Amino acid sequence: MISSAKTITTTASKIMTESTAVRTIYIHVTGAGTVYLGDSTVTSSNGFLTEKNAVPLALELPANEELWAVTGTGTESLRLLIPSLNNG
C-alpha cells in the first residue's frame with residue numbers, strides 16, 4: 001500500500017494523476033470540514049461531496065482519469081491509500 005497526505009484548499013488541486021490502469025483508492029478527510037471531488041473544474045457547487053468525520057471512502061478511478069479536490073472554505077487534510085499493485 002502507498003499512502004500520502006494532501007492539504008486541500010479553496011483552489012482545486014490534483015490528488016491523483018491519470019494512468020492507463022483502473023485504480024482503487026481510499027480517501028479519508030481527517031478534519032471536520034468538507035472536501036469536494038471531481039475533475040480539474042471541481043468546485044464546492046459541482047463536486048462530489050465527502051462526508052465530515054466519515055470513514056474512508058473507497059473509489060475506483062477509471063483509466064485515463066485524474067482526480068481533483070477542493071474545499072468550500074478554509075483548509076482540510078486528506079489522506080490517500082492506494083494498493084501498490086494499481087498505483088499507476
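Q: Why is E66 called partly exposed?

A: In this predicted model, E66 has a relative accessible area of 28%; since buried means under 20% and exposed means over 50%, a value in between makes E66 partly exposed.

Q: Why is K14 called partly exposed?

A: The relative accessible area of K14 is 36%, and because the class in between runs from the 20% limit for buried to the 50% limit for exposed, K14 is likewise assigned to the partly exposed class.

Q: What makes K14 and E66 a salt bridge?

A: The closest N and O atoms of K14 and E66 are 3.1 Å apart, and because the criterion asks for a side-chain nitrogen of Lys or Arg within 4 Å of a carboxyl oxygen of Asp or Glu, the pair counts as a salt bridge. The two residues belong to distant parts of the chain, K14 lying in strand β2 (residues 13-16) and E66 in the loop between β6 and β7, 52 residues apart. A search of the whole structure finds one salt bridge.

Q: Why does M1 count as exposed?

A: M1 has 58% relative accessibility, and because exposed means over 50%, M1 falls in that class. Its place in the chain is the segment before β1 (2-8).

Q: What makes M1, Y26 and L81 a patch?

A: These residues form a nonpolar patch on the surface, with about 280 Å² of accessible area together; patch members need over 30% relative accessible area, a limit that M1, at 58%, passes.

Q: How do you know that β1 and strand β8 (residues 76-82) pair?

A: Seven bridges, in the antiparallel sense, join β1 to β8, and because at least two bridges are required, the two strands count as paired. Within this pairing, the partner of A5 in β8 is R79.

Q: Why is one side of β1 and of β6 (57-61) left without a neighbour in the sheet?

A: The open sheet has four strands in the order β1-β8-β3-β6, with antiparallel pairing. β1 and β6 stand at its edges, each with a single partner strand, so one side of each has no neighbour in the sheet. Neighbouring strands of this sheet are turned by 30° against each other on average, direction ignored.

Q: What makes β4 a partner of both β7 and β5?

A: Strand β4 (residues 35-38) pairs with strand β7 (residues 67-71) in the antiparallel sense over four bridges, one of them between V35 and T71. Two bridges join β4 to strand β5 (residues 48-49), again antiparallel, and Y36 has L49 as its partner in β5. Because pairing needs at least two bridges, β4 pairs with β7 and also with β5.

Definitions and conventions. Residues numbered from 1 in each chain as written. Predicted model: local features only at pLDDT ≥ 70, side-chain atom pairs only at ≥ 80, totals over all residues. Heavy atoms only, no water. Patch = residues over 30% accessible without salt bridge, like charges linked within 9 Å, V, L, I, M, F, W, Y side chains within 5 Å. Areas by Shrake-Rupley, 256 points an atom, 1.4 Å probe, with all protein chains shown as cover. Buried < 20%, exposed > 50% of the residue type's maximum accessible area, 1.4 Å probe, protein only. Axes fitted to C-alpha atoms, helices over the stretch in contact; angles between N-to-C directions.
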